[in-house]
Amino acid sequence: MNLSICELKNNNKRGNIKLPLFDVEEIIKATNQNPVWVHFGAGNIFRGYIAAIAQDLIERGELDRGIIAAELYDYEIIDRIYKPYDNLCLVVTSDAKGNLEKKIVASITEGLKCDKSFEADWQRLCRIFENSSLQLVTFTITEKGYNLFDLKGDYLPEVKEDIENGPQRPKSSMGKVAALAYVRYKSDKKPIAYVSLDNCSKNGEKLQSSIVQIAKEWAKRGLVEEDFVEYLNNNSLVSFPWSMIDKIVPRPSKRIKELLEKDGLENMDIICTLKNTYIAPFVNTEKAQYLVIEDRFPNGRPPLEKAGVFMTDRKTVEDSERMKVQTCLNPLHTALAIFGCLLGYKTIYEEVKDEHLRRLIEKIGYEEGLKVVVDPKIINPREYIREVIEERFPNPYIPDTPQRIATDTSQKMPIRFGETIKAYAENSDLDVRSLKYIPLVIAGWLRYLMCIDDEGRAFEPSPDPLMHELKKHLEGIELGKEYENLEKRLKPILTNEVIFRVDLFKVGLAKKVVEYFKEMIQGIGAVRRTLQKYVS
């Protein structure tokens, strides 16, 4: 069996694969004439989650058109994964017990390359943005896709070029989106919602800020009307809803590929594009999924709530995001990442089998985090933690690595642990010095910065913008030696309120962190012994 519309028409299926319960060609025709939904970012999470939401609505009879996918960056995805397979995708959903559900998602009606170099695709997008039927434009382009500036605060080269040249031939992602927004503005100021679904805080604000900034620069140079900026800032015409998304859609799994081939599917090869995107005709993903969206859509919207999406207000979106990243998921992930690297693990699901690491994340979540958790009311925090620890992290078909999760840990510390420490310090009913397991993770991170694992072997740390500066404070510290001045040496890190939101000395946690660290450098196996001592 190949993935193709022809095969679908012949009802040719194998391996218990669920086929679409609608006429795919009719949906394509209707979408071509009156598009409702465009999505930027044609990668795995879009195909494995967002497109599946649209398919669910179509099959329920709640939506009669599909999604048009547009790629802003890696055009090989369209040429090698969309076009050869008629825009179809095989989504494989797994649970921790190894149960697999396979279905063909056929809600994506087009795959377009969003760049003026591909003139036919660009003109097609312009026509779509002129159409009054278009209701929403969603994004999964990663947080860096919204960025306009380099580390010095200067415009990135492509952004600077776009600002100088105006909307006629944009090159940057945000320049292209701003140019298409201008097309819609010129077409009688039609209403629209631009919805970031990327996994970052205040994502709608980031998207709006970038588009408006480019528009302001164009207006300043007389390249567009001043009124275009006012249009983008008019909430009754253009909205930028915030969202919280949570679903792990990793790189395509070789294990899944082999299972599909045994089922008789052909041409399931995993490719790596020149821009280092790993993608395949199939997507492997987990069963758990959460999407919370601020309900502001000036031109209407599909009934997303009927496909399990929480449609709500901005505060609830923000509370859901804080629950996830400050307490119920991300802190547990980072704890596993740090100790996974030190203890030689290569996958998260193997780590959760380790009794000491499992106890550590249970204590961080249930014992320390839940006391100050932000409760969004629409998702139960305790149940969320249970699902993370018992169902999501142990899933062998979601082969995430501690090394990947450990990337940019210095940037994650303030949100994943600092906010909890701060909440304890500001709550008169709690004693911040009672915290035991979060300080243990911080000590583990200091031990990680030595770049020597628990067997005494050097390892390459994951990328981190502060790595060079942080490592300076640990230079010369060796395993198995006693040090009397560790508190003084570590003070520049532990007093850094940018990293921890608070000064750990002032709140009374620094001494505990230093003591844990001392125990972890006692020699080979000291990390394991320290973990066992405090979590058993």
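Predicted model: local features only at pLDDT ≥ 70, side-chain atom pairs only at ≥ 80, totals over all residues.
Which residue in β5 is the bridge partner of lysine 18?

1. Residues are numbered from 1 along each chain as its sequence is written, and side-chain values use heavy atoms, with hydrogens and water left out.

2. The bridge partner of lysine 18 in β5 is lysine 103; strands here are DSSP runs of E of at least two residues, and helices are runs of H or I of at least four, numbered from the N terminus. β1 and β5 are paired in the parallel sense over two bridges, where pairing requires that DSSP finds at least two bridges between the strands. Both strands belong to an open sheet of four strands with mixed pairing, ordered β1-β5-β4-β13. Because β1 (17-18) and β13 each have a single partner strand, they stand at the edges and one side of each is left without a neighbour in the sheet.

3. An open sheet of six strands, with parallel pairing, runs in the order β6-β3-β2-β7-β8-β9. Its edges are β6 (108-113) and β9 (238-239), each with a single partner strand, so one side of each lacks a neighbour in the sheet. Within this sheet, β2 (residues 37-40) pairs with β3 (residues 67-71) in the parallel sense over four bridges, and histidine 39 has alanine 69 in β3 as its bridge partner.

4. The second largest pocket holds about 520 Å³ of space, a pocket being an open set of points on a 1 Å grid over the protein atoms alone where a 1.4 Å probe fits, with protein on both sides within 12 Å along at least five of seven lines, and lining residues having an atom within 4 Å of a point. Of its 25 lining residues, Lys18, Ala52, Thr93, Glu101 and Lys103 are the closest to its centre. Helix α3 gives the largest share of the lining, seven residues.

5. The largest nonpolar core has 78 residues, such a core being a set of buried Ala, Val, Leu, Ile, Met, Phe, Trp, Tyr and Cys residues joined through side-chain atoms within 4.5 Å, with buried meaning under 20% relative accessible area (1.4 Å probe, protein chains only). Helix α18 (residues 437-448) provides the largest share of this core, nine residues. A second, separate core of 62 residues includes Ile17, Ile256, Met268 and Phe282.

Conventions: Buried < 20%, exposed > 50% of the residue type's maximum accessible area, 1.4 Å probe, protein only. Points joined across faces, edges and corners; volume = space filled by probe spheres on them.
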